[in-house]
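Biologist: I am new to this structure. Please show it to me, and then I will ask what lies behind the labels.

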Amino acid sequence: MAQNSTRRSGRDATEKQFDSVALVLQGGGALGSYQAGVYQALAEADIHPDWVSGISIGAVNSALIAGNAPEKRVEKLREFWETVTKPPLGPLGAPYNPSIKHLNETVHRALNQFRAMGVAALGAPGFFRPRVPSPFVWPAPSPAQLSHYDVAPLQATLERLVDFDRLNSGESRLSVGAVNVRNGNFTYFDTKTHRIDFRHIMASGSLPPGFPATEIDGEFYWDGGIVSNTPLQWVLDSRPRKDTLTFQVDLWSATGELPRDLSEAEVRQKDIMFSSRTREATHQVLNAQRLRRIFRQAYEHLPEEVRALPEVAYLAKEADESVYNIVHLIYHAKNYEGAAKDYEFSRRTMEEHWSAGYAAGRKALSHPEVLQRPHNREGFRVFDFSHEA
């Protein structure tokens, strides 16, 4: 009874305070099970986003969420992540043993590196497999085959786990980002303007040279993370503006320690490159929001003849009273994960990431102010509970 009450209170809070709840999912390969854990925490609180937007693995998780009934979403996320983290060699591949709780950091690092080497050599079940013949020894007949791995298994997995009719029904809005290979332009495939199928999801995660470009209507697309690894700007710039509660789930941390060796330098370089400087983007949105709110307040005091000016009328259309809460949930990798953390698809590591995301989601939701409409001058609040102050 208490759990039902908690769930109902979560839904009541968001419905009363905000017009829209958005879930924004960054790219990050094997780190993506962290996002699944965050979503489980939201679902248990009866908070179901009406807009899910993702890049790369975030696009896959977004499709699993938007393409299933709310009561089935965690189950389908779990099925996907258990599928892609099966040992490539089956019982011969050292299956996950949940009874082993703790490992020495040196042992853990070596084990992660060994498993990452196995994935690099053999692929991940239900996701990708080595391409035969290799493009190194045989010219690829088309851009759709120019890669180290074949992603046909992912197509089959998406078609099995995602109801694309439901995904396109308008029940939840879905947006996924990709890059046009010919012109380099960033493109969002959005159920508001497109009918999305497995190609659009796969295009968002077509990171070369591992994965091939995905063809859609005669154009080829690569992973959206090449240009921007987070769709936060797309969501916050949407028109018409709505009072929005956004959960931004990042898999790379923009902040970190100075590296002590070449291995740590490679890890830090990846973190900075793929974090897409989410905080910087948030600050830009905050400044724009501040200007809109200030102009709106000043507009009320302008004489009618000034309001009638075309320039003022244009600014008035941009100014509104919409409010935003952004909740950052950022995964901070452990020292033993190393530079291969985004392709180390092992069951143990998947469970670690999922548990970390679930704990982060529960922690964020334990702060009631997250679900409360901001009443400050900017009408904009940002929360980050990644580290305790």
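Predicted model: local features only at pLDDT ≥ 70, side-chain atom pairs only at ≥ 80, totals over all residues.

Modeller: Arg-129 has a relative accessibility of 41%, so Arg-129 counts as partly exposed.

Biologist: What makes the pairing of Arg-129 and Asp-150 a salt bridge?

Modeller: Their side chains meet at 3.1 Å, N to O, and the cut-off is within 4 Å. The pair links distant parts of the chain, with Arg-129 in strand β3 and Asp-150 in strand β4, 21 residues apart.

Biologist: Why is Glu-351 called buried?

Modeller: Its relative accessibility is 18%, and buried means under 20%. Glu-351 therefore counts as buried. Its salt-bridge partner is Arg-78, at 2.9 Å from N to O. Arg-78, with a relative accessible area of 23%, is partly exposed.

Biologist: What does the pair of Glu-351 and Arg-78 tie together?

Modeller: Glu-351 lies in helix α14 and Arg-78 in helix α4, so the pair ties together parts that are 273 residues apart in sequence.

Biologist: Why is α3 called oblique to α4?

Modeller: The two helices pack at an angle of about 140°, with axes 8 Å apart. That angle makes α3 oblique to α4, since roughly antiparallel would need over 145 degrees. The crossing of α3 and α4 is right-handed.

Biologist: Which residues make the contact between α3 and α4?

Modeller: Among them are Ile-57, Val-60 and Leu-64 of α3, and Leu-77, Phe-80 and Trp-81 of α4. By class, the contact of α3 with α4 has seven nonpolar, one polar and two charged residues.

Notes
Residues numbered from 1 in each chain as written. Heavy atoms only, no water. Axes fitted to C-alpha atoms, helices over the stretch in contact; angles between N-to-C directions. Helix = DSSP H or I, 4+ residues; strand = E, 2+ residues; numbered from the N terminus. Parallel < 35°, antiparallel > 145°, perpendicular 65-115°, else oblique. Left-handed = near helix turned anticlockwise from the far one by under 90°. Contact = heavy atoms within 4.5 Å. Nonpolar A, V, L, I, M, F, W, Y, C, P; charged D, E, K, R; others polar. Buried < 20%, exposed > 50% of the residue type's maximum accessible area, 1.4 Å probe, protein only.
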